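Notebook open, structure loaded. I'm jotting down what I look up as I go.

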Amino acid sequence: MSAHPATTPVTSGSEAAPRPHWRLASETLLYLNGVTVSFDGFKALNSLSFYVLERELRAIIGPNGAGKTTMMDVVTGKTRPTAGEVSFNGDIDLTRLDEAAIANLGIGRKFQKPTVFDSHSVYDNLELALAGNRAVLRSLFFRLSGEQRDRIDEVLATIALAPQRATLAGALSHGQKQWLEIGMLLMQDPELLLVDEPAAGMTDAETAQTAELLKEINKRHTVVVVEHDMAFVRALDCHVTVLHEGRVLAEGSLDSVQSNHDVIEVYLGR
Ligand code: ADP
Ligand code: MG
């Protein structure tokens, strides 16, 4: 979504964002409020507050160590915050749930390294993802319904790997493996997709294609993507949140954050 509502609370680094009551019921999908994560006293997240709307595409940028991956760890239940709340779909408090329960709510996560099954075909990887990783063996022998086959074909088209459906995943390029893994997440039809540095190690052409892929996915899913590559972030054409030292430093269009003095100082100007 490029036109973010003008009523977005202005988030300064020093205080929690005001809770957006009027839209919690229908429009806010994910809301972090005062989230702190301490590792032996070091605050990887320091009262981090921001929210993401339903069906939004949001880019998160910030220097190394800003807390971007830790934020995703908190949302997915991998790391429990020391303080703060994370609400999903209105009133579900994610900080009380474990990773499996959070995944079942419809939150999918793409890690930096692709974890596809190299010795299986692209098609089989998507089929395995349908059943979930728990049932890998069983799913190799299960019969797909027509609807499930249609879903696999649809995802193959979305990730632009239809011509490679019979190719072993191990033979794909790095970029294609990343798309396959995104496709595997799509098989679970997540409401929210978290993607950490998808363009790392990609060619410029693959990076541009990944931006298009995420925009396409965003037609049906809310997407939060962490990325360093500014050409990629520009291509996404979305609202940008800048993290620094575990909190929000600036938020807005890419142009507005790139001209923000604090952002230039800590990040872009180096
Ligand atoms: P980013 O993804 O923005 O580069 P991270 O979220 O990975 O940053 O890390 C934020 C900070 O928290 C870094 O200083 C990192 O070293 C620290 N950190 C992350 N995970 C741990 C951990 N498990 N134990 C101790 N420190 C950690
Ligand atoms: Mg990271």
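I started with L236, and its relative accessibility comes out at 2%, so it counts as buried. This is a predicted model, so I keep that in mind for everything below. L236 is found in helix α9. I listed its contacts, skipping neighbours within four places in sequence, and got L57, A59, A211, L214, K215 and V225. I also checked L236 against L213: they are 23 residues apart along the chain, and their C-alpha atoms are separated by 9.7 Å.

**Confidence check.** Before going further I looked at pLDDT. The chain mean is 88, with 85% of residues at 70 or more. Two stretches stay under 50. One is residues 1-16, for which the model has 33 contacts beyond four places in sequence. The other is residues 19-25, with 14 such contacts. Where pLDDT is low, the predicted coordinates should not be read in detail.

**Cores.** Which residues have the most contacts inside the largest nonpolar core? I found L180, L214 and L236, in a core of 46 residues. Helix α7, residues 174-187, gives the most to this core, with seven residues. Apart from it lies another core, of 26 residues, and L32, V52, M72 and V75 are among them. In soluble globular proteins, nonpolar side chains tend to be buried together.

L214 touches I182, V195, P198, V223, V225, F232 and L236.

**Helix α8.** I checked the length of α8, which runs over residues 204-217. Its 14 residues should span 20 Å at 1.5 Å a residue, and the end C-alpha atoms are 20 Å apart, so the two agree. Which residues of α8 are buried? My list reads E206, T207, T210, A211, L213, L214 and I217. They cover an arc of only 160° around the axis, which puts them on the same side of α8. An α-helix has 3.6 residues a turn, so residues three or four places apart point the same way. On the other side of α8 I see D204 and A205 exposed. What covers the buried residues of α8 includes α6 (146-158), α7, β7 (192-196), β8 (222-226) and α9 (230-236).

**Helix α6.** Next I took α6, one of the elements covering α8's buried residues. α6 has 13 residues and reaches 18 Å from its first C-alpha to its last, close to the 18 Å expected. The buried residues of α6 are R151, I152, V155 and L156. Looking down the axis of α6, I get an arc of 135° for its buried residues, so they line one face of the helix. The face turned away from that buried side carries the exposed residues E147, D150 and A157. Cover for the buried residues of α6 includes α4 (122-131) and α7. I also noted A160, which follows α6 and has a positive phi, near 60°.

**Salt bridges.** How many salt bridges does the structure hold? I count 12.

I picked out R220 and E154, whose side chains meet in a salt bridge at 2.6 Å, N to O. R220 lies in the loop between α8 and β8 and E154 in helix α6, so the pair ties together parts that are 66 residues apart in sequence. R220 has 48% relative accessibility, so it counts as partly exposed. E154 is partly exposed too, with a relative accessible area of 35%.

I went on to D255 and R234, which form a salt bridge with their closest N and O atoms 3.0 Å apart. D255 sits in helix α10 (residues 254-258) and R234 in helix α9, so this pair ties together parts that are 21 residues apart in sequence. R234 has a relative accessible area of 43%, so I file it as partly exposed.

The last item is a network: salt bridges that share partners join E56, R58 and E251. Within it, E56 and R58 have their closest N and O atoms 2.8 Å apart. Are E56 and R58 buried or exposed? Both come out as buried.

How values were computed:
Residues are numbered from 1 along each chain as its sequence is written. Chains are lettered from A and ligands numbered from 1 in the order in which they are written. This is a predicted model: local features need pLDDT of at least 70, side-chain atom pairs count only at pLDDT 80 or more; totals for chains, interfaces and linings use all residues. Side-chain values use heavy atoms; hydrogens and water are left out. A nonpolar core is a set of buried Ala, Val, Leu, Ile, Met, Phe, Trp, Tyr and Cys residues joined through side-chain atoms within 4.5 Å. Buried means under 20% relative accessible area, exposed over 50%, partly exposed in between (1.4 Å probe, protein chains only). Helices (H or I, at least four residues) and strands (E, at least two) are DSSP runs, numbered from the N terminus. Contact means heavy atoms within 4.5 Å. The expected span of a helix is 1.5 Å times one less than its number of residues. The arc is that of the directions from the helix axis to the C-beta atoms. pLDDT is the predictor's confidence in each residue, from 0 to 100. A salt bridge is a side-chain nitrogen of Lys or Arg within 4 Å of a carboxyl oxygen of Asp or Glu.
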